[in-house]
Amino acid sequence: MTVQIDHALEEIRRFRPSPEFAAQAVAGEELYESARADRLGFWAEQARELLTWQKPFTRTLDWSNPPFAKWFDDGELNVAENCLDRHVEAGLGDRVAIHFEGEPGDSRDITYAELTDEVKRAANMLEGLGIGEGDRVAIYLPMIPEAIVSMLAVARIGAIHSVVFGGFSSDSLASRIDDAEAKLVITADGGYRKGRVFPLKPTVDEAIAKSAGSIENVLVVRRTGNEVDVVDGRDHWWHDTVAEASGEHAAKPFNAEHPLFILYTSGTTGKPKGVVHSSGGYLTQAAFTHKNVFDLHPETDVYWCTADVGWITGHSYVVYGPLANGATQVVYEGTPDTPHPGRWWEIVEKYQVSILYTAPTAIRSFMKLGRQIPHQFNLRSLRLLGSVGEPINPEAWIWYRHVIGGGSIPVVDTWWQTETGAIMISALPGVTDLKPGSAQVAVPGVSIDILTDDGTPVEGEEGGLLVVTEPWPSMLRGIWGDPERFKETYWEKFGDRYFAGDGARRDEDGDIWLLGRVDDVMNVSGHRLSTAEIESSLVAHPWTAEAAVVGASDETTGQAVVAFVILKASQAAHGDDVAAASEELRKHVATQIGAIARPRQVFIVNELPKTRSGKIMRRLLRDLAEGRQIGDTTTLADTSIMQIISEQVK
Ligand code: PRX
């Protein structure tokens, strides 16, 4: 019986686009054809069609010095103008750019004309604070319109933003401020989360006190009205300053290769890396994928990407892609379940959202709560669903399509990374037969392959390492201040092919299935965390002698952080309140890095499994954390160790 059901499921797990959808789809088969015929010509055409260039480019790609690519590099544009002014000039000023929904229920519609005006004022305000071309500005804000205004204002004047997710700690903020030598922080008094005010300004004050001193000014948006300390001469209220600023601001052109932003992400070492993105190439691919993968009809669609602007998804698919395309979108400040578990679906109904882009972890949480919650709302406006951040298991895909999408609309699973800047692998709705669980095919103009460890392409359906074999417009241009690390991390393994750090395989139809990270990077609720970074945080605690961290699979969050810690003899001697020690260490990580990094479990142990050369065997710890039979222990220096650790963990 089970076999039959499985078989039946297998069979229905191909979904051809409906003829009605295909007939109206923005993207057709011809995109693949023209990209195959002339890849660079294809990207040049996209760049010209989708963007407005103050100085047209004549060169498409310069790859003479790999891995340092230059795209459209004799062209000039202004990214903010592309997202704003040109739409107003085209007569779309009255179109809503942002339907803002605050967590407490306040809401505000902002048209393209209004957003343009605000960004111009903010650009003047930044220039008034001495910010100019190439200067770095840290942005530490909740999901409020000012976050988007700030990013665009920074871009407009050719400065470089570094958005730091509001959930990160003062230490994390300080290290990002220092690495980029930011001159200004834009923050808020606080934001709303889970029905409460979370203060941001005190964290900024702490971060500045810890940092090396590059910050000259702080701009503070008033959002929650909680008391904040104001440092005379350094801190300025956004509303006071913006009110004084002029609404006239000409958008100067910048070179296509001018850096647009730095975004820090976790790698295999303890130190987050500042991924650098450019202007012209980045915006081209963000706009191209946003239009074609999400089948955007900007006159009629209401688009909603639930990501925070603190992550790359928020950069490319809340700010740059949608606004470059003149889309109308929803921006929601809070959590999905505040004040009630149907909040997201209420928002879909209220704004008649037609395109929804979210993460599998969210879908799985909704699955747990049950379909009766979304069923209380009218979700019939939805016509396309997207997924990002981690593999979406077929069950969640089916649930998403049926319960949220009413059973017949496309679901696109999009694979990409902070480093790739924009979507790289995805179905094109209207073209591709959809297959739950697979991210499917490279988007037109992107070249993907799967290699064995020695760099030969994998034949057949075996798993291997995912690479991008040709440069792409939105590729990272480097790691801020560390060209060596850039080369080492991505380009050393396979020459001038980009090593993504993910495992993947192709099935018999040539569809790509992502198999998770092959390095020490974890994926918790679609957020990237480094085992090394959490280990160094644990070791920084005075009680810790040694620590090992693994990502264990978790039903809701994809992976969860599980730590194994050996306490110092002095601490261990204080008695055996293991639960208290473990709680203290969990809290410590949350304070040092941010709540997203808080381990699900911290096990206090006496030993860690090590090879004869002293390397910790995380594989065995992962077996333990996932409750599996412990794998091969023959390479351990002491083969009885796992037995002892298992006893302790119990
Ligand atoms: O492991 C892949 C996973 O997320 C990693 C990138 O994380 P980040 O830079 O934070 O960007 C997340 C949002 C683009 C990848 O190396 N990942 C992302 N999307 C998918 C995915 N894994 C499987 N399927 C996806 N659709």
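## Helix packing and an open sheet

In helix H15, Ile-363, Arg-364, Phe-366 and Met-367 meet Glu-395, Ala-396, Trp-399 and Tyr-400 of helix H16. By class, this contact of H15 with H16 holds 6 nonpolar residues, 2 charged residues and no polar ones. The model is a predicted one.

How are two packed helices described? The terms are the angle between their axes and the distance between the axes. For H15 (residues 360–369) and H16 (residues 394–404), the angle is about 75 degrees and the axes lie 10 Å apart. Angles of 65 to 115 degrees count as roughly perpendicular, and H15 and H16 are therefore roughly perpendicular to each other.

Next comes the sheet. It is open and has 7 strands, in the order S5-S4-S17-S16-S18-S19-S20, with mixed pairing. Strands S5 and S20 stand at the edges; each has a single partner strand, so one side of each lacks a neighbour in the sheet. From one strand to the next, the twist averages 20 degrees.

| Strand | Residues |
|---|---|
| S5 | 107–111 |
| S18 | 355–358 |
| S19 | 384–388 |
| S20 | 411–414 |

S18 and S19 pair in the parallel sense over 4 bridges. Leu-356 stands opposite Leu-385 in S19.

One annotation comes from a record. An unreviewed UniProt entry places the feature "domain: Acetyl-coenzyme A synthetase N-terminal" at residues 29–83. Over residues 29–83 the chain is 45% helix and 11% strand. The end C-alpha atoms of that stretch are 28 Å apart.

Technical notes: Residues numbered from 1 in each chain as written. Predicted model: local features only at pLDDT ≥ 70, side-chain atom pairs only at ≥ 80, totals over all residues. Heavy atoms only, no water. UniProt positions renumbered as here; feature names shortened; annotations may be inferred. Helix = DSSP H or I, 4+ residues; strand = E, 2+ residues; numbered from the N terminus. Pairing = 2+ DSSP bridges. Axes fitted to C-alpha atoms, helices over the stretch in contact; angles between N-to-C directions. Parallel < 35°, antiparallel > 145°, perpendicular 65-115°, else oblique. Contact = heavy atoms within 4.5 Å. Nonpolar A, V, L, I, M, F, W, Y, C, P; charged D, E, K, R; others polar.
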